[in-house]
Structure formats: C-alpha cells, structure tokens
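Work through the exercises below with the structure open. Each task is followed by a stepwise solution.

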Amino acid sequence: MAKVRKLITRNEWSISSREMQDILNSTHDAVVAVNKKGIIVLFNTAAERLLGIAAWEAYGENARDIIPGSRLHCVLETGLPELNQRQETGDTCILTNRVPVRDEDNRIVGAVAVFRDMTEVRHLAEEMTCIKEMKKLLEAIINTSQDVISVVDDQGKIILVNPAYTRLIGMRKEEVMGKPPTVDIRQGESVHLRVMQSMEAVRGVPLKVGPDNREVIINAAPLIVDGRLRGSVAMAHDISELKFLSEELAGVEALMDRGQARYTFEDIVARGPAMQAAVENAGRAALTPVTVLLTGESGTGKELFAHAIHSASQRKYRRFVRVNCAAIPETLLESELFGYEAGAFSGALKSGKKGLFEEADGGTLFLDEIGEIPPSIQVKLLRVLQEREIMRVGGVRAFDLDLRIIAATNKSLEDEVKKGNFRKDLYYRINVFPITIPPLRQRIGDLPELARHLLTKLNREYGRSVQGIEDDAAALLAEHGWPGNVRELENVLGRALINMHFNEYTIMVTHLPPLSAVTRSSTEHKAVESAVVPCRTLSETLEEAERRAIAGVLTGYGGNRAETARHLNISLRTLYYKLEKYGIRGSTV
C-alpha cells in the first residue's frame with residue numbers, strides 16, 4: 001500500500017514494477033484502486049475473474065461507471081472507510097473493505113477496495129445451518145421415539161442414548177455416556193461389539209439389562225459410512241410388554257372362541273327325513289327360550305346343532321359359551337362353572353373369578369357331555385335351572401341369571417338315572433325339548449352331500465383342490481357302518497387327501513385308508529339279532545355293545561388307552577371309569 005500511495009502521490013498511474021504486478025495478480029482477493037477523481041488505476045486478475053471485466057477495459061475508467069454498486073467515490077468524498085460491506089454483483093455476493101488512501105500530508109489521494117467472493121462461503125454457511133437443523137431434528141426424533149436406542153462409536157464408546165433407554169434400562173444418561181457398551185448388561189453378550197466385529201446386523205438377541213435385570217430383545221446393525229465402520233446402533237424391546245400383549249391376545253382369542261357361535265342351520269346337511277326332522281325341531285326350539293337336550297352317538301354333530309340353535313335365537317348377538325364337562329377335572333369343575341369368591345380355597349385368585357354361568361349371562365350356555373357331571377355338582381346345576389341364580393364357591397350372595405341352557409350327551413340319561421348316576425329331577429329339568437340326531441348309517445342318503453361339504457372344508461385347510469369321489473370309492477363309503485359317524489367320515493376323507501398327489505383331483509379307492517370290517521348291513525343285522533335275544537333288557541344290551549366296542553378299540557390300539565379315548569371321542573377319565581365298570585383289563589375283550 002505504501003508503493004501504491006507513492007505512485008498515487010506522484011500521479012504515476014501506470015504500474016511499472018513487474019514484481020508489484022505479479023504480487024497483486026497472484027493474490028486470491030480482488031483489488032481495485034482509484035485516484036482522487038475515481039479513475040481506476042489498479043485492477044488485478046482476481047478482480048477480472050470476480051467482476052467479469054477485463055483489466056484493459058477498466059483502467060482509466062471511472063469506477064462508478066465500470067463496477068456496479070461501487071462506493072469508492074463515497075469513500076473519496078467522506079474519507080471514511082467502509083469495512084465488511086456486502087455487495088451484490090449479479091449472482092455473486094461480494095464482501096468488500098473500502099479504505100481511503102492518504103499522502104504524507106493526510107490528504108485523500110485515492111481509495112482502494114479489497115473484496116472477495118462470499119457465494120461459496122454463504123453456501124457453506126447455509127449447509128452448516130441445514131446440517132445443524134437436521135441434527136436437531138434427528139435428535140428430537142430419537143428422543144421422542146418409544147423405541148430404546150443406543151449408539152456406539154468406532155472406539156466402542158456409548159455416544160448416544162435416548163430417554164426411552166433410560167426409562168427401560170433404569171440407568172441415567174450420565175452413567176453410560178462414554179462408557180463401553182457392556183456397562184448396562186447383566187446377562188448376555190454385547191450386540192454392539194458383536195456387530196462391530198462381524199460387520200453384520202443381528203436380530204432378536206435376548207439380554208438382561210440394568211439394575212433390575214429387565215428382559216429385552218435387541219436388534220443391532222453396524223454404522224458404515226463411505227465403506228468405513230463408524231460405530232453401531234441398537235434398538236431394544238421390552239419382553240415383558242410383549243409377554244403381556246401375547247397374554248392379552250390369547251385371552252381375546254379365547255374369549256372370541258368361547259363367545260361366538262360359528263355355525264348356522266345352513267351348515268347342516270339334511271337331505272334324509274330323519275335329519276330333516278331333527279333340523280325342523282331344532283329350528284322350532286331356537287325361537288323359544290326352552291332348554292334343549294341334544295342326544296346322539298359321538299360324532300353325529302351335536303355341537304353343530306347347538307351353534308345353529310343359538311345363531312337362530314333372539315340371543316344370537318350375545319355370548320355363546322361352550323363347556324365340555326368331561327374335559328374339566330372333577331376337582332375344578334365346580335369352580336369353573338360357578339366361579340369363586342376371593343380366598344375361597346388355596347390358590348384362588350385374590351379378586352375371585354367369574355364362572356362360566358356368569359360369563360354366559362344374557363346368552364347361551366352349551367353343556368356338552370352333561371352325563372359326565374358328578375352328582376355333587378348336579379345339585380347346584382339343578383338350582384341354576386330351577387331358580388335361575390347361582391352362588392359362587394365360598395360366597396354367600398346369589399346372582400340372578402338370564403341364560404339359555406343347551407345340553408348334549410351321547411349317553412342314555414334314562415339308564416344313568418336308573419343306575420343312580422344321574423339325578424331324576426335334573427334329568428326332567430334338562431329333558432324339556434329333546435332332539436335326537438340320527439347316526440350316519442341311518443342317513444346314508446346324505447353321504448354324497450356331506451362328502452362334498454367336508455371336501456370344501458378340507459381343501460381349504462390342506463391347500464388342495466379335490467373335486468369329487470370316484471363311483472367305486474363312493475360305493476365303498478356307502479357300505480361302511482360309520483361307527484364314528486360324521487367325525488369318522490371327515491377323518492377318512494382327510495387321510496384320503498393326504499394319500500393323493502397334488503395333480504390328482506378325484507378320490508379313488510386306492511386313496512382311501514383301510515376301513516374297519518363293520519359294514520352297514522352287518523351293523524343292522526347285529527342290531528336285529530340283539531333285539532331278539534331273550535332274557536336281556538335293552539339297557540343290558542346297550543351295555544354289552546358298549547363293552548365290546550371299547551374292548552375292540554382298545555385291542556386295536558394295543559392297549560393304548562389315550563389313543564382309545566381319542567378314537568372313541570371320550571375323555572380319558574370317562575374311559576377309565578368305563579374300563580373299571582365293565583371289568584376290562586389291558587387289551588382283553
């Protein structure tokens with residue numbers, strides 16, 4: 001600047017020093033100088049590049065005319081410097097320092113402007129601002145997330161945890177920041193260290209963390225930026241919450257299963273007169289609140305009728321509760337049916353429990369296998385049917401009920417009454433509107449329609465598309481005695497589908513499993529023979545038939561009592577009772 005001052009003082013406006021020219025042209029900042037008349041006397045290469053004006057065009061011209069927005073003439077007039085001034089030149093943002101040039105006598109002899117392009121700096125500043133805002137936004141997202149998040153850097157130190165982390169783990173942020181990722185683990189291996197070693201994500205790793213040994217499931221993944229490992233991020237989920245949700249879901253599913261009827265009369269195949277009569281009687285009963293007793297052999301569809309009766313009744317939008325009396329242990333049956341008060345017995349819930357009668361209040365209660373109810377509970381059941389009220393186990397207050405009872409049994413309750421196994425007064429309370437469902441061997445005319453109906457169901461369950469049954473196979477099915485009734489038919493068709501190839505669409509004889517030697521004609525013939533045997537009552541004849549049936553199935557399963565009970569569709573407890581009653585030992589007939 002001293003050299004410039006001397007040049008201006010001597011009014012020598014040409015740059016004669018090559019060294020001075022090289023210095024000014026090599027600087028990154030633009031330099032423009034004017035004399036006291038505002039005429040440009042210095043214009044370096046950076047000024048050419050920044051202003052888009054050639055030096056030869058600028059020299060000797062007034063700066064006000066050449067440079068848009070120039071204020072060097074103002075500096076000449078006022079003698080005051082203008083520092084860090086913003087100047088717009090087209091799309092370019094310039095930051096300028098303008099200062100006056102004075103001689104030895106402090107007289108203004110010119111002015112110099114030094115400026116640089118701030119466009120790139122402005123863009124960098126905007127990017128920095130955007131990055132800061134994005135960082136704040138990401139931090140807000142992480143902090144408000146309900147997922148437990150922790151981040152570790154490439155040195156294996158925790159650099160970020162969110163509030164959900166501190167709530168679940170039970171450790172303050174200050175206790176874990178900058179610490180190794182094992183600081184919060186009480187049992188298990190750090191997933192952060194694992195993914196940083198393997199460079200692969202892991203999922204579903206169980207751990208116990210924090211002072212309270214909270215059970216969590218961890219998902220973690222490495223943080224890789226431009227091919228370089230920069231750390232690891234992990235998300236934890238509280239297993240206790242998942243367990244709670246699973247229990248809630250199971251409870252809802254159980255409630256839905258017990259609280260809704262799934263079938264209507266349209267789901268019942270009834271082409272023959274016997275079955276049509278049963279459906280008509282059930283339809284009439286559905287329109288009234290009468291207690292219904294469904295009787296028939298095992299597998300004939302008594303539960304299907306119970307569903308249909310409820311669906312056609314005025315209670316169809318209320319609860320439909322099913323109870324298999326043979327499946328509930330005798331020690332628990334009373335508390336399950338009638339509920340209990342708090343502290344009624346050892347192990348009882350502190351809040352007590354509603355019984356199935358209370359759950360069915362306003363709807364329908366289906367008592368399947370009612371003949372298996374022990375005499376001690378039959379007394380309380382009789383009170384429910386007579387008074388329409390119940391009293392919980394251990395309780396002193398009776399609850400009024402509004403429900404409809406549908407009962408079902410494959411036993412002859414009349415015979416059970418004679419034997420003293422079933423109360424006579426309860427029998428008459430239940431047997432208000434009896435409906436007998438005929439066995440399959442008495443409605444063979446329904447067999448083709450039943451088979452089509454069951455194949456539709458089995459195709460959906462097995463993912464098949466079987467269309468029908470070949471005539472020879474249909475004839476073989478028609479000749480079978482079907483001791484297991486419709487349930488046995490469904491099992492036979494299901495096994496046939498399993499034996500078929502996926503490109504086969506018609507059931508052939510070869511696909512059918514071996515059927516027992518019992519045929520419809522032999523069954524009817526034996527029934528006739530049994531009917532004319534002298535000196536034997538009907539009850540004795542039925543008992544003998546039951547004994548032979550149980551012993552035959554037991555022999556067929558090699559003495560396996562669990563399989564025998566399953567095949568006969570009775571509970572294991574009922575089977576043991578009958579084995580003792582008829583004196584059947586092992587597999588002896």
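**Exercise 1. Helix packing**

Task: In this predicted model, classify how α24 and α25 are oriented to each other.

Solution. 
- Step 1. Locate the helices: α24 spans residues 561-568 and α25 spans residues 572-582.
- Step 2. Take the geometry. The two axes come within 9 Å and cross at roughly 105°.
- Step 3. Apply the cut-off: angles of 65 to 115 degrees count as roughly perpendicular. The helices α24 and α25 are therefore roughly perpendicular to each other.
- Step 4. List the residues that meet. From α24 come Arg561, Ala562, Thr564, Ala565 and Leu568. From α25 come Leu572, Leu575, Tyr576 and Leu579.
- Step 5. Sort the contact of α24 with α25 by class: seven nonpolar, one polar and one charged residues.

**Exercise 2. The largest cavity**

Task: Describe the largest cavity by volume and lining.

Solution. 
- Step 1. Search the whole structure. Three cavities of 30 Å³ or more turn up.
- Step 2. Read the volume of the largest cavity: about 180 Å³.
- Step 3. Find its lining. There are 19 residues, and Ser150, Tyr165, Asp184, His192 and Ile218 lie nearest the centre.
- Step 4. Assign elements. At least two lining residues each come from β6 (148-153), α8 (163-169), α10 (191-198), β9 (202-209), β10 (214-225) and β11 (228-238). The most come from β6, with four residues.
- Step 5. Classify the lining of this cavity: 15 nonpolar, three polar and one charged residues.

**Exercise 3. The second largest pocket**

Solution. 
- Step 1. The pocket has 33 lining residues, with Gly301, Leu304, Lys457, Arg487 and Glu490 closest to its centre.
- Step 2. Two or more lining residues come from each of α13 (302-311), α19 (447-462) and α21 (485-499). Helix α19 gives the most, with six residues.
- Step 3. By class, the lining of the second largest pocket has twelve nonpolar, ten polar and eleven charged residues.

**Exercise 4. Confidence**

Task: Over which residues does pLDDT stay under 50?

Solution. 
- Step 1. Start with the chain. Its mean pLDDT is 82, and 87% of its residues reach 70 or more.
- Step 2. One stretch under 50 is residues 11-16, for which the model has ten contacts beyond four places in sequence.
- Step 3. Another is residues 524-534, with one contact beyond four places in sequence.
- Step 4. Where pLDDT is low, predicted coordinates should not be read in detail.

Methods
Residues are numbered from 1 along each chain as its sequence is written. This is a predicted model: local features need pLDDT of at least 70, side-chain atom pairs count only at pLDDT 80 or more; totals for chains, interfaces and linings use all residues. Side-chain values use heavy atoms; hydrogens and water are left out. Axes are lines fitted to C-alpha atoms, for helices over the stretch in contact, and angles run from 0 to 180 degrees between N-to-C directions. Angles under 35 degrees count as roughly parallel, over 145 as roughly antiparallel, 65 to 115 as roughly perpendicular and the rest as oblique. Contact means heavy atoms within 4.5 Å. Ala, Val, Leu, Ile, Met, Phe, Trp, Tyr, Cys and Pro count as nonpolar, Asp, Glu, Lys and Arg as charged, and the others, Gly among them, as polar. On a 1 Å grid over the protein atoms alone, a cavity is a set of points where a 1.4 Å probe fits but cannot get out, and a pocket is an open set with protein on both sides within 12 Å along at least five of seven lines; lining residues have an atom within 4 Å of a point. Grid points are joined across faces, edges and corners, and a volume is the space filled by probe spheres set on the points. pLDDT is the predictor's confidence in each residue, from 0 to 100.
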